[in-house]
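Me: I have a model open and want to learn how to read it. Can you take me through some features?

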Amino acid sequence: MNNSKYNTQDVRNRCEHKLDIEFRITKELNGWYKYDNKKICRVTVSKGRKALPPKTYQSIAEQLKLSIDDFDRFMDCPLKKDEYDKILGLT
Amino acid sequence: MPIYHDSSTKTHERVIIDRLLNSSCTNSPYLKHKSIISSGTGLTLLCSNYSKIDSLIKYKLIKAIEITVEYDEIHFLAKTKTLPLYACGESRELAINNLKYEIESLYEDLQSGDDFSDEWLKHKKYLKSIVLKKR
């Protein structure tokens, strides 16, 4: 589990850049991952740059319906959507 | 005030018991039977990770929502058992209170339309059946 490498701001950035999640700022940040115009996952991230202890990290992974290993990979990969599109030759 | 078998043991456990008894956020049935905590078993039960939320901030709850609260290195982490929600707080009470905001936030999100997956539509139905507006 790579929770110690990241903070809440990193999770927010990954979600925004890789999954196009738009966060709504309330008490915390809440955002929906949409696919085919349907809301599939709802993720909550604390505001600011807060540490991510293991159970909190796991809770975010669960909200995104990812295993810890997959969430680690999601976080580890610095690839952003526009770079991804470029690699695919879309832009 | 609760009765302790050994009043000389004013320890961490006793502080925890006092905080739990004074907490308005927890709804453990054991809190209603304060004498139970004079036994060691009571202490174990009181310190359980399981609890219930029976009221929200802006809304009423017809049925309590089961939750777990655990310490997670730097803060307390409260999670609902039936909904994919969590919240953190510096204390157990704050984590539970923040989870109440999360439940309300989800409830309001789900009222905004029907463009949800089947799983979320089930959650919407469930919340609609237990959440009422306060008058």
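**Reading a residue, a sheet and a hairpin**

Reply: Start with one residue. Asn49(B) counts as partly exposed because it has 13 C-beta neighbours inside 10 Å. The scale: buried means 20 or more other C-beta atoms within 10 Å of the residue's own, exposed means 12 or fewer, and partly exposed is in between, with C-beta atoms placed from the backbone. This is a predicted model: local features need pLDDT of at least 70, side-chain atom pairs count only at pLDDT 80 or more, and totals for chains, interfaces and linings use all residues. Residues are numbered from 1 along each chain as its sequence is written, while chains are lettered from A and ligands numbered from 1 in the order in which they are written.

Me: Where does Asn49(B) lie, and which residues is it in contact with, leaving aside neighbours within four places in sequence?

Reply: Asn49(B) lies in the loop between helix 2 (40-46) and strand 1 (50-53) of chain B. Helices (H or I, at least four residues) and strands (E, at least two) are DSSP runs, numbered from the N terminus. Contact means C-beta atoms, placed from the backbone, within 7 Å. Beyond those sequence neighbours, Asn49(B) touches Thr68(B), Val69(B) and Glu70(B).

Me: How many helices and strands does chain B have?

Reply: Chain B has 4 helices and 6 strands. From the N terminus, they run α-α-β-β-β-β-β-α-α-β. Of its 135 residues, 27% are buried.

Me: How do I read a sheet?

Reply: Strands of a sheet pair through backbone hydrogen bonds, either parallel or antiparallel. Here, two strands pair if DSSP finds at least two bridges between them. In chain B, 4 strands form an open sheet in the order 1-3-4-5, with antiparallel pairing. Strand 1 and strand 5 (86-89) of chain B are at the edges with a single partner strand each, so one side of each has no neighbour in the sheet. Neighbouring strands of this sheet are turned by 30° against each other on average, direction ignored.

Me: Which residue stands opposite Phe76(B)?

Reply: Gly89(B), in strand 5 of chain B. Strand 4 (residues 75-80) and strand 5 of chain B pair antiparallel over 4 bridges.

Me: What lies across strand 1, strand 3 (65-72), strand 4 and strand 5 of chain B?

Reply: Helix 3 (residues 92-111) of chain B does, running at about 145° to strand 5. Axes are lines fitted to C-alpha atoms, for helices over the stretch in contact, and angles run from 0 to 180 degrees between N-to-C directions.

Me: And chain A: how many residues lie between strand 1 and strand 2 in the hairpin?

Reply: The hairpin has 3 residues between its strands. Strand 1 (residues 22-25) and strand 2 (residues 29-35) of chain A run antiparallel, joined by 4 bridges. Ile25(A) stands opposite Leu29(A).

Definitions and conventions. Two residues are in contact if their C-beta atoms, placed from the backbone, lie within 7 Å.
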